[in-house]
Amino acid sequence: MTILGIETSCDETSAAVIRDGKICSNVISSQYVHRKYGGVVPELASRAHQRLITQVVEEALQNGSCGIRDLDAVAATYGPGLVGALLVGLNFGKALAYGLGIPFVGVNHMEGHLYSVLLGEPAPEFPFVSLIVSGGHTLLVHVRGPFLHDVLGQTRDDAAGEAFDKVAKMLGLGYPGGPRIDALAAQGNPRAIRFPRSYLEQDTLDFSFSGIKTAVLYYVRDHGLPGDPSVLADVCASFQQSVVDVLVRKTLRAAMMTGVRDVAIAGGVSANAGLRHELGKACTAAGKRLFMPHIEFCMDNGAMIGYVGWLKRNRGIRSPLDLTAVAGLELA
Ligand code: KG4
Ligand code: ZN
């Protein structure tokens, strides 16, 4: 069974071909138009998707040695995300499926991140705990099987990636800030500045990152923007460490509480070198196995959407063609 997966929920235009649950191609076109605005501008994202979608899909088909008539179904993200951005991929996918007379499958972007880890080799075994950390979401999920998952905790304010992006903006590092902070943090001292860690109530698996963000804001207000590159690196390393400490402690707690052996991470922030390193160490110490998707599958990508589309088609699921974009779609 060959599926085309399409992802346009934010600022990545992506398409992939999945055949029998394996990736044949995955094309990601990141939009650089947002950089000068320090964040994603929804209107510009929609227009860029509109311009890019046909060529991205064509390239995915070509790289996957897949003719358009070889497709058995088309899957596209229908939420959560920016409505104008979602509509581009969703409508393209629906129209293509309609034209070819094949099933269309709407996919929840968060399910894409959640199950993308199964694309790796080796893959975690059910049940496992997954930490999804992106620019829009931070949540811990207990995954008992395909489409059998429970949310254990989530952020009450900013997503971890949002905190990275906002702190990077404060420090004049541009957008997206996560990768810039990650790179600078590698050269800094994570113990130089003691930023707060918000663990919230003792037994909760919820997160809060607005306090850390505000602490950096106050630091910059009181000390000025770091002019010295080594001080800048220390600020980045110390900020990153406080976010990573919270993510690692809560993820381990979730793994202990549920008694799982396997732990997975997904979403853009799971590309963070500090997080990968610290979580790896903590999992090993606790006798857990950690599974991390390749960076290409951590960020928003069509492969994860095609893969969930494939899982759904295996269960005979198809979506009606009047399916519309849902900005606030939750992980059900
Ligand atoms: O999953 P994703 O591509 O899009 C969303 O669904 O949000 O995640 C993008 C987020 C951005 O906030 C970006 O700054 C962050 O992931 N990010 C990182 C790193 N790479 C991307 N954050 C920290 N360290 C990184 N290396
Ligand atoms: Zn995402």
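Which of the 19 residues around ligand 1 come nearest? They are G135, D165, D182, G268 and N272. The model is a predicted one, and ligand 1 sits in its largest pocket. Domain 1 and domain 2 both contribute residues to the shell around ligand 1, so the ligand lies between them.

**Placement of ligand 1**

- Domain 1 is made up of residues 2-114 + 297-314, whereas domain 2 spans 124-292; the ligand lies between the two because each gives residues to its shell.
- Three helices, α3 (109-116), α4 (160-170) and α5 (177-185), each supply at least two residues of the shell around ligand 1.
- Sorted by class, the shell around ligand 1 holds 10 polar, five nonpolar and four charged residues.

- G135 places a backbone N or O atom 2.8 Å from an oxygen atom of ligand 1.
- G268 likewise has a backbone N or O atom 2.9 Å from an oxygen atom of ligand 1.
- With N272, the contact is made through the side chain: one of its polar atoms lies 2.9 Å from a nitrogen atom of ligand 1.
- On its own, ligand 1 has 560 Å² of accessible area, and the protein covers 87% of this.

**Cis peptide bonds**

- The peptide bond that joins E121 and P122 is cis, with an omega of about 0°.
- P122 belongs to the loop between α3 and β6 (128-133); α3 is also one of the helices that supply at least two residues of the ligand 1 shell.
- A further cis peptide bond runs from Y175 to P176, where omega is near -5°.
- P176 is located in the loop between α4 and α5, and both of these helices supply at least two residues each of the shell around ligand 1.

**Backbone phi at D20**

- D20 is not a glycine, yet its phi is positive, at about 50°.
- The loop between β2 (12-19) and β3 (22-30) is where D20 is found.

Definitions and conventions: Residues are numbered from 1 along each chain as its sequence is written. Chains are lettered from A and ligands numbered from 1 in the order in which they are written. This is a predicted model: local features need pLDDT of at least 70, side-chain atom pairs count only at pLDDT 80 or more; totals for chains, interfaces and linings use all residues. Side-chain values use heavy atoms; hydrogens and water are left out. A residue is near a molecule or strand if one of its heavy atoms lies within 4 Å of it. A polar contact is a pair of N or O atoms within 3.5 Å; within protein, one must be able to donate a hydrogen and the other to accept it, and residues adjacent in sequence count only if both atoms are side-chain atoms. Accessible areas come from the Shrake-Rupley method with a 1.4 Å probe; for residues, only the protein chains shown count as cover. On a 1 Å grid over the protein atoms alone, a cavity is a set of points where a 1.4 Å probe fits but cannot get out, and a pocket is an open set with protein on both sides within 12 Å along at least five of seven lines; lining residues have an atom within 4 Å of a point. A molecule sits in a cavity or pocket if more than half of its atoms lie within 2 Å of its grid points. Helices (H or I, at least four residues) and strands (E, at least two) are DSSP runs, numbered from the N terminus. Ala, Val, Leu, Ile, Met, Phe, Trp, Tyr, Cys and Pro count as nonpolar, Asp, Glu, Lys and Arg as charged, and the others, Gly among them, as polar. Domain bounds come from an automatic or database domain assignment.
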